[in-house]
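Here is a briefing on one model.

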Amino acid sequence: MEFGNKTIVKEFILTGFSQNLQICILMFIFFFIIYTLIIFGNSLMICTIITSPSLHTPMYYFLCNLSIIDLCYSSITLPKMLNDVFSKRRRISIIGCLVQMNTGLFLGSTEDILLAVMAYDRYIAIRFPLHYIIIMNWRTCNIITVIMWSGSFLITTMPTISKPLVFCRGNILDHFSCEALALLELACGDLSFYKISIFVGSLFTLLLPFVFIVVSYICIIKSILRIRSAGARAKAFSTCASHLTVVFMLYGTSMITYVGQTKSSSSNMKY
């Protein structure tokens with residue numbers, strides 16, 4: 001098939017890994033340990049929450065969702081990466097690459113929104129402890145979950161479904177996985193639609209949830225400072241520490257990747 005004077009590619013060659021054997025061994029050990037810890041830790045978390053009636057609360061319900069997302073997110077890239085480390089043919093089909101890209105964007109966006117939901121859950125628990133069960137009832141949690149998953153799916157997958165990408169700028173993908181911005185550099189035609197889609201999607205799944213989290217924690221801190229008991233204040237802060245750590249790690253890297261790099265990469269893309 002031809003697109004103008006360029007051949008439309010059917011598979012990609014991933015060049016993100018080094019060919020040095022010693023580096024490959026170290027990378028394999030590192031990724032294998034990371035993937036094993038992810039599988040074991042999240043599986044244990046999910047089983048513990050499901051089998052413990054005392055943990056059947058909104059907070060642990062959303063935490064279970066987070067563990068499921070982490071399991072799925074790591075499983076769409078790490079097994080392929082572990083296989084490619086020692087492979088001489090680090091190839092992936094276009095269909096497989098697009099599925100990996102869209103699934104990664106979908107799960108990543110869902111996780112971003114979920115962290116905002118968890119921040120709201122912590123605010124309600126600390127600010128209105130006596131009304132927490134009434135406000136965060138199971139019907140509300142289920143509605144939030146459906147909107148979160150379905151909304152993220154539509155935002156991240158509709159652009160490529162409504163206007164499929166066509167690749168004709170070579171098949172060398174300078175990455176170890178099918179990352180969206182790296183793929184756009186190999187796509188044909190006018191890419192403004194996809195870049196705008198990524199930027200708008202980033203606003204709704206990154207920037208707005210992050211602002212919501214910041215506002216929620218400002219309210220949380222104000223509520224905690226009103227607590228007279230030092231022990232109660234420390235306990236309230238401790239319930240938010242791990243969530244805040246994940247928020248800053250995830251949102252920091254995601255914003256740099258999908259908001260900052262969208263502008264910089266646009267200057268390198270030809271139309």
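Is the crossing of α2 and α6 left-handed or right-handed? The crossing of α2 and α6 is right-handed; the term means that the near helix is turned clockwise from the far one by less than a right angle, and left-handed means anticlockwise. This is a predicted model: local features need pLDDT of at least 70, side-chain atom pairs count only at pLDDT 80 or more, and totals for chains, interfaces and linings use all residues. Residues are numbered from 1 along each chain as its sequence is written, and side-chain values use heavy atoms, with hydrogens and water left out.

**α2 against α6**

- Helix α6 spans residues 138-162 (helices are DSSP runs of H or I, at least four residues, numbered from the N terminus).
- The α2 and α6 axes are 11 Å apart, at an angle of about 25 degrees (axes are lines fitted to C-alpha atoms over the stretch in contact, and angles run from 0 to 180 degrees between N-to-C directions).
- The two helices α2 and α6 are therefore roughly parallel (angles under 35 degrees count as roughly parallel, over 145 as roughly antiparallel).
- From α2, P58, Y61, F62, N65 and I69 meet W138, C141, N142, I144, T145, M148 and W149 of α6 (contact means heavy atoms within 4.5 Å).
- The residues of this α2 and α6 contact divide into nine nonpolar, three polar and no charged (Ala, Val, Leu, Ile, Met, Phe, Trp, Tyr, Cys and Pro count as nonpolar, Asp, Glu, Lys and Arg as charged, and the others, Gly among them, as polar).

**α2 against α4**

- Helix α4 covers residues 94-127, and its axis is 10 Å from that of α2, at about 160 degrees.
- That angle makes α2 roughly antiparallel to α4.
- The crossing of α2 and α4 is left-handed.
- Residues in the contact include F62, L66 and I69 of α2 and L107, L114 and M118 of α4.
- The contact of α2 with α4 has 13 nonpolar, four polar and four charged residues.

**S74 in α2**

- S74 sits in α2, which runs over residues 58-75.
- S74 is buried, at 6% relative accessible area (buried means under 20%, exposed over 50%, partly exposed in between, with a 1.4 Å probe and protein chains only).
- A polar atom of the S74 side chain lies 2.9 Å from the backbone oxygen of D70.
- Beyond its neighbours within four places in sequence, S74 contacts Y35, I38 and P79.

**I155 in α6**

- I155 belongs to helix α6.
- I155 counts as partly exposed, at 33% relative accessibility.
- I155 and I198 are 43 residues apart in sequence, and 9.1 Å apart from C-alpha to C-alpha.
- Leaving aside neighbours within four places in sequence, I155 touches G201, F204 and T205.

Terms used:
A polar contact is a pair of N or O atoms within 3.5 Å; within protein, one must be able to donate a hydrogen and the other to accept it, and residues adjacent in sequence count only if both atoms are side-chain atoms. Angles under 35 degrees count as roughly parallel, over 145 as roughly antiparallel, 65 to 115 as roughly perpendicular and the rest as oblique.
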